[in-house]
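The following briefing is intended for reading alongside the sequence and the model. Its points are grouped by topic.

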Amino acid sequence: MVPTPQTVAAGKIVGIYYTLKDKSGAVIDTNRKGGKPLVFLHGGGTILPALEAALLGLAKDAEISVQLTPEQGYGVAKPELHKRVPRKAFPAGRELKVGMHFNSGDGKGHNVPVTITGFEGDEVLVDHNHPLAGAELFFQVTIAGVRDASAEERQHGHAHGPGGHHH
Ligand code: ZN
């Protein structure tokens with residue numbers, strides 16, 4: 001008897017190779033070059049929920065193209081997230097340029113990417129929107145593997161082992 005292959009479902013450990021492109025076809029991100037899949041607990045919040053949902057029912061080696069709206073991706077760009085901060089809030093001696101990205105805390109322990117959009121006097125104009133806010137996302141995903149989560153992985157809420165979380 002040939003065993004039925006595992007398929008992606010909530011609570012499974014899933015490995016994927018992915019390429020993310022923008023509308024123009026430019027590659028934004030990919031993990032296909034390093035040879036190691038991204039391994040995550042399905043439903044654990046590691047990847048975008050809409051992308052996770054698109055993988056349901058797929059088995060190893062399946063390939064899928066997934067198009068996400070900005071709402072399903074990193075949200076719609078919000079004008080109120082354009083702010084101005086004093087130059088001295090940035091590392092001293094570091095040359096600042098339009099288009100540079102910084103990580104700034106949001107006070108809740110998350111890293112928020114900040115993009116410099118301009119300068120005015122002693123102030124730096126920054127955009128707190130995610131760099132991919134407002135962007136349609138085009139993913140090409142290959143399922144690298146699907147397996148059951150261990151009791152420990154379920155308890156921790158993330159994948160362990162190669163490609164997963166290390167303690
Ligand atoms: Zn753990």
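**Aromatic pairing**

The model contains one aromatic pair, counted where the ring centres of Phe, Tyr or Trp (its six-membered ring) lie within 6.5 Å, with planes under 30 degrees apart called stacked, over 60 edge-to-face and the rest tilted. This is a predicted model, in which local features need pLDDT of at least 70 and side-chain atom pairs count only at pLDDT 80 or more, whereas totals for chains, interfaces and linings use all residues. Residues are numbered from 1 along each chain as its sequence is written, and side-chain values use heavy atoms, with hydrogens and water left out.

- The aromatic pair is formed by Phe-90 and Phe-102 in an edge-to-face arrangement, at 5.0 Å centre to centre and 70° between the planes.
- Phe-90 is in the loop between S5 and strand S6 (101-105), and Phe-102 is in strand S6, so the pair links distant parts of the chain, 12 residues apart. Helices (H or I, at least four residues) and strands (E, at least two) are DSSP runs, numbered from the N terminus.
- Phe-90 and Phe-102 are both buried; buried denotes under 20% relative accessible area, exposed over 50%, and partly exposed the range in between (1.4 Å probe, protein chains only).

**Domains**

- The chain is assigned to domain 1 (12-73 + 133-156) and domain 2 (79-127), with bounds that come from an automatic or database domain assignment.
- The centres of domain 1 and domain 2, taken over C-alpha atoms, are separated by 30 Å.

**Salt bridges**

- Side chains of opposite charge can pair when their charged atoms come close.
- There are six salt bridges in the model, each being a side-chain nitrogen of Lys or Arg within 4 Å of a carboxyl oxygen of Asp or Glu.
- One of these salt bridges joins Arg-84 and Glu-120, whose closest N and O atoms are 3.1 Å apart. The pair links distant parts of the chain, 36 residues apart, with Arg-84 in strand S5 (residues 82-86) and Glu-120 in strand S7 (residues 111-120).
- Arg-84 also forms a salt bridge with Glu-123, with the closest N and O atoms 2.9 Å apart. Because Glu-123 lies in strand S8 (residues 123-127) and Arg-84 in strand S5, this pair ties together parts that are 39 residues apart in sequence.
- Arg-84 is partly exposed at 42% relative accessibility, Glu-120 is partly exposed with a relative accessible area of 42%, and Glu-123 is partly exposed at 31%.
- A further salt bridge is formed by Glu-153 and Arg-147, with the closest N and O atoms 3.0 Å apart. Arg-147 counts as partly exposed at 35% relative accessibility.

- Glu-153 is in helix H2 (residues 151-156).
- With a relative accessible area of 3%, Glu-153 is classed as buried.
- Apart from neighbours within four places in sequence, Glu-153 is in contact (heavy atoms within 4.5 Å) with Ile-13, Leu-41, Arg-147, Asp-148, His-158, Ala-159 and His-160.

**Zinc site**

- The zinc ion has protein donors His-156 (ND1), His-158 (NE2), His-160 (NE2) and His-167 (NE2), which lie 1.9 to 2.1 Å from it. Donors are N, O and S atoms within 2.8 Å of the metal (3.2 Å for Na, K and Ca); water is not among the atoms, so sites may look incomplete.
- Along the chain, the donors of the zinc ion follow the spacing H-x1-H-x1-H-x6-H.
- The arrangement is tetrahedral because the four donor atoms subtend angles of 102 to 123° around the zinc ion; for four donors, the term requires all angles to lie between 85 and 135 degrees.
- The ideal angle for four tetrahedral donors at a metal is 109.5 degrees.

**Backbone at Asp-61**

- Most residues other than glycine have a negative phi.
- Asp-61 is not a glycine, yet its phi is positive, at about 75°.
- Asp-61 lies in the loop between helix H1 (49-54) and strand S4 (63-68), and Asp-61 is exposed with a relative accessible area of 53%.

**Segment before strand S1**

- Thr-4 is located in the segment before strand S1 (12-21) and counts as exposed at 72% relative accessibility.
- Thr-4 and Thr-69 are 65 residues apart in sequence and 34 Å apart in space, C-alpha to C-alpha.

Notes. Four donors count as tetrahedral if all angles lie between 85 and 135 degrees; four count as square planar and six as octahedral if opposite donors are over 155 degrees apart and all others between 65 and 115; anything else is irregular.
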